[in-house]
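Welcome! Take a look at it first, and then read on.

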Amino acid sequence: MDERDGTAISAAKGIKRPVPAGPELADTVARLRRAMRRAARTVDPANPLAVAQLELLSAVADEPGVRPGELARRLRLAPNSVTTLVNGLQAKGLITRSAGHLDGRAVTLTLTEKGIEAVDGWKSANTSIIETALASLDDDHNRALSEALPALRELTQAVDAIADAPSSD
């Protein structure tokens with residue numbers, strides 16, 4: 001973003017366009033993420049898993065058989081951090097390591113039934129939080145949020161593209 005004129009250059013198109021809501025949207029998304037984490041602890045106080053563990057489990061649920069190195073790249077974590085998380089989740093019986101199908105030396109990760117239940121429970125808690133919060137909003141705000149979903153999905157894909165771009169290091 002060019003702070004001088006409030007524009008951003010689209011990475012996909014190389015076009016400058018106004019982004020007046022950029023800073024406010026970034027702040028709101030960050031606050032929403034923090035509020036969701038706090039509310040999740042309120043809704044499910046018995047959940048012993050950290051958000052990092054739940055995010056890793058969710059990523060494995062999205063792609064069963066993923067290799068730890070690929071998971072580290074996708075989550076932008078150091079490989080040793082993924083190893084530490086996987087070790088802890090395996091000790092809790094939430095994830096399994098297996099030899100790769102094509103290369104027996106490679107390790108792949110899958111969720112156990114208990115791991116699937118943990119991911120489902122986290123998603124259910126998040127859905128409950130959002131539904132309860134939405135019930136407190138007026139019809140106009142609910143409608144605006146519903147209408148914004150396609151744009152938010154596209155924004156998520158654009159942010160994922162930035163995260164997946166090769167680093168310039």
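This is a predicted model: local features need pLDDT of at least 70, side-chain atom pairs count only at pLDDT 80 or more; totals for chains, interfaces and linings use all residues.

Helices here are DSSP runs of H or I with at least four residues, numbered from the N terminus.

**Overall layout**
- The protein has six helices and four strands, and along the sequence they follow the pattern β-β-α-α-α-α-β-β-α-α.
- Of its 169 residues, 21% count as buried.
- The accessible surface comes to about 11,800 Å², and carbon and sulfur atoms hold 57% of that area.
- Among contacts with a separation of 6 or more, 42% join residues 24 or more positions apart.

- In soluble globular proteins, nonpolar side chains tend to be buried together.
- The largest nonpolar core has 20 residues, and L56, L57, V60, L71 and I95 have the most contacts inside it.
- At least two residues of this core come from each of α2 (51–62), α3 (68–75), α4 (79–91), β4 (107–111) and α5 (113–135).
- With five residues, α2 gives the most to this core.
- Beyond its neighbours within four places in sequence, L56 touches L71, L75, V82, L85, V86, L89 and I95.

**A nonpolar patch on the surface**
- L25, V29, L149, L152, L155 and V159 form a nonpolar surface patch with about 450 Å² of accessible area together.
- Two elements, α1 (22–43) and α6 (139–164), each give two or more residues to this patch, and α6 supplies the largest share, four residues.
- L155 counts as partly exposed because its relative accessibility is 35%, which lies between the 20% and 50% cut-offs.

How values were computed: Residues are numbered from 1 along each chain as its sequence is written. Side-chain values use heavy atoms; hydrogens and water are left out. Patches are made of residues with over 30% relative accessible area and no salt bridge: like charges are joined within 9 Å, nonpolar side chains (Val, Leu, Ile, Met, Phe, Trp, Tyr) within 5 Å. Accessible areas come from the Shrake-Rupley method with a 1.4 Å probe; for residues, only the protein chains shown count as cover. A salt bridge is a side-chain nitrogen of Lys or Arg within 4 Å of a carboxyl oxygen of Asp or Glu. Buried means under 20% relative accessible area, exposed over 50%, partly exposed in between (1.4 Å probe, protein chains only). A nonpolar core is a set of buried Ala, Val, Leu, Ile, Met, Phe, Trp, Tyr and Cys residues joined through side-chain atoms within 4.5 Å. Contact means heavy atoms within 4.5 Å.
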